[in-house]
Amino acid sequence: MCGIFAYLNFLTPKSRKEILDCLLNGLQRLEYRGYDSAGLGIDKQVNHQVMVFKKQGKVAALKAALFDFMDETTEMSYDDLLNCHVGLAHTRWATHGPPNEVNSHPQRSDQENHFLVVHNGIITNYQDIKKYLEIHGHRFESDTDTEVVAKLAFHIFSQNKDLTFRQVVELTCQQLEGAFALVFKSRHFPGECVASRRGSPLLVGIKTKLRLAVNHVPVFYSKDTHGRGGFVTQAPRRDSSTEFTPLGEDHSTEYFFSSDASAVVEHTNRVIYLEDDDVAAIQAGNLSIHRISRSMDLDSPDCREITTTRLEIQQIMKGEYSSYMLKEIFEQPESIVNTMRGRVNFDTDTVVLGGIKDFIPDIRRCRRMLLIGCGTSYHTAIACRQILEELTELPVMVDLASDFLDRKTPIFRDDVCFFISQSGETADTLAALRYCKGKGSLNLGITNTVGSSISRETDCGVHINAGPEIGVASTKGYTSQVVSLVMFALVMSEDRLSLQPRRSEIIAGLKNLSADIKEVLEQDNMISSLAEKLYESRSLLVMGRGYGYATCLEGALKIKELTYMHSEGILAGELKHGPLALVDEMLPIISIITRCPVYGKCMNAILQVTARGGKPILICESGDTSTKDLVPDSVYIQVPHTVDCLQGILTIIPMQMLAYHMALLKGCNVDCPRNLAKSVTVE
């Protein structure tokens, strides 16, 4: 979704060129999230005036237009040295209004740019606020929901100019409904920046020359006197001593606001993850965090920890690869090892998951488990449902988060709910988590992002440790999620004597998994040649059953995401209930057939396809000569044999590579497919 990046330098002299480079580089780090326009706002040197630059298209187009302006203007110079400056930058993924420069962010309060705001999320009551503001003389120029935020802040300030910047933002946010992450700047408050979030991720990066005096920032609670009845009420004016200041006499500080850590890691590894309804304000170089009242969230801690992120700049670079997706496909032998590192002891056949070990007795007493996710994470749930049912002997329900919420699914206190999300910020999954929290269930998160909303709000969980995933189409995130849930199943069955042979078989499979993946990746050239035969097709079916069904769904999704071709994953058992009507000599069909308990049923489906002129492409096990003898004219992609519950990891990788090569041949952007975003933070 949209990407926010803001930079404030206090007593840290920077040239205008350095500031612009910092803002533009921050946006480029966020490009993977998906966007269709970009913009930024910076200070001029005259009367605290603010300049806004916006451009439809990529960040590169904004950069070119901005530098063309800088080369021609006499109002600003690259060499201007700014001791204190606030810059906002944003990449927009269109939700309200088409992609164009007017609808791009930053959005402004008026033509003189008194207030600027960048926004992620959706304001659901923006129409009501817009009508109120129009009655009071404000005129709107964009189609966005964000413009009402900037105009409302200006309106509140105009009614009471004694308010501080932080109080203006507090009063503004109180009137907003929906999900948002907001960062404000104003010509009335030079050198100040205020941010707030509710439902959308936002963090603050801190960079100082000296070490930090504390590892946390206390939260200051304002008096609950604002109210929601009208748009303007007097906020309490109290000085807060709950501020972050650098240690020592040198107070030079740099602050970075961002949607995620990938944009700040090249500057600092010290970050604060804001909680819902936090208002972070920087004034005179000091950071303070406020909330309206303690009653808004009784569970919210009284401080925000300054964490040290382990993300390294090398992890978010392409390195020797031409794209992030190709890099992440080929990282999977290492990423699944990282998922297991320190957790699986292959010498003793034991598995320890530190994030959930204190909750294992409670989980074993549950009446059922629910796996909830969206997109690829939902496919992870399907891939692991069977092994979880087998090793826990509990009923396992699988739900799409959006449908789960629409049905208002009954949840009980003795349910255990898993919330699966690579980013940990998926809006529907997060909403489902909050719904289940209200029902009293035990909630467990499966995420790849430390400090994400899901990892903070669940009772316990497993961090998959796959490393940053930049490509929009998930690859290593999926395989590491599957490994994580398989490890959970092993933990749940460790005290079952009758299941020890099965556990040993699975652990042996995990031990060899990295080598097996490397063997699959060696077929890249062959799969590239196959892509040349398929990329001009109009449709494609992927068919399988058992543990192969999740591969069908995920493989079809990868082709849809990357090539914009219609593709469908179907359960082989449902072939005669409709999909068989599609089969002819022209329709490409990929079938997943491995030596598992449903092998015979899968083969029956393949023979039904060939009997009607179909020529399926088979993903089968190496050395499976009997399958080749039965379907001699097919194209084969061979994968090593492993235990059935892990076979889906090996069969999905050829589908990832096939989708990648087909997309390249069609001229598609494999890292940022059209209309899609990496982190879906709005419903």
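View 1. At 14% relative accessibility, E561 counts as buried, because the cut-off for buried is anything under 20%. Keep in mind that this is a predicted model. You'll find E561 in helix α16. Its side chain makes a polar contact of 3.3 Å with the side chain of K558. And who else does E561 touch, leaving aside neighbours within four places in sequence? The answer is A473, P673 and L676.

**View 2. A five-stranded open sheet.** Read across the sheet and the strands come in the order β26-β25-β27-β28-β29, with parallel pairing. Which strands sit at the edges? They are β26 (566-571) and β29 (635-639), and each of them pairs on one side only. On average, neighbouring strands here are turned by 20° against each other, ignoring direction.

**View 3. Zooming in on one strand pair.** Here β25 (residues 539-544) meets β27 (residues 589-592), and the two pair in the parallel sense over three bridges. Pick out V542 and look across to β27: its bridge partner there is I590. Another helix, α15 (residues 524-534), packs on the sheet too, touching β25, β28 (617-621) and β29. The direction of α15 makes about 145° with that of β29.

**View 4. Inside the largest nonpolar core.** In soluble globular proteins, nonpolar side chains tend to be buried together. In this model, the largest nonpolar core has 90 residues, and M369, F418 and F488 have the most contacts inside it. Helix α19 (residues 644-665) gives the largest share of this core, with 13 residues. Not counting residues up to four places away in sequence, M369 touches L388, T392, L394, P395, V396, M397, V416, F418 and F488. Another core, of 37 residues, lies apart from that one, and L20, L30, Y32 and Y78 are among its members.

**View 5. Stepping back to the whole chain.** The protein chain has 19 helices and 29 strands. Its C-alpha atoms fill a box of roughly 80 × 55 × 50 Å along the principal axes. For 683 residues, a compact globule would have a radius of gyration near 26 Å, and the 27 Å of this chain agrees with that. Of those 683 residues, 62% count as buried. Among contacts between residues at least 6 apart in sequence, 75% join residues at least 24 apart.

Key: Residues are numbered from 1 along each chain as its sequence is written. This is a predicted model: local features need pLDDT of at least 70, side-chain atom pairs count only at pLDDT 80 or more; totals for chains, interfaces and linings use all residues. Side-chain values use heavy atoms; hydrogens and water are left out. Two strands pair if DSSP finds at least two bridges between them. Helices (H or I, at least four residues) and strands (E, at least two) are DSSP runs, numbered from the N terminus. Axes are lines fitted to C-alpha atoms, for helices over the stretch in contact, and angles run from 0 to 180 degrees between N-to-C directions. Contact means heavy atoms within 4.5 Å. Buried means under 20% relative accessible area, exposed over 50%, partly exposed in between (1.4 Å probe, protein chains only). A polar contact is a pair of N or O atoms within 3.5 Å; within protein, one must be able to donate a hydrogen and the other to accept it, and residues adjacent in sequence count only if both atoms are side-chain atoms. A nonpolar core is a set of buried Ala, Val, Leu, Ile, Met, Phe, Trp, Tyr and Cys residues joined through side-chain atoms within 4.5 Å. The radius of gyration is taken over C-alpha atoms; the globule rule is 2.2 Å times the number of residues to the power 0.38.
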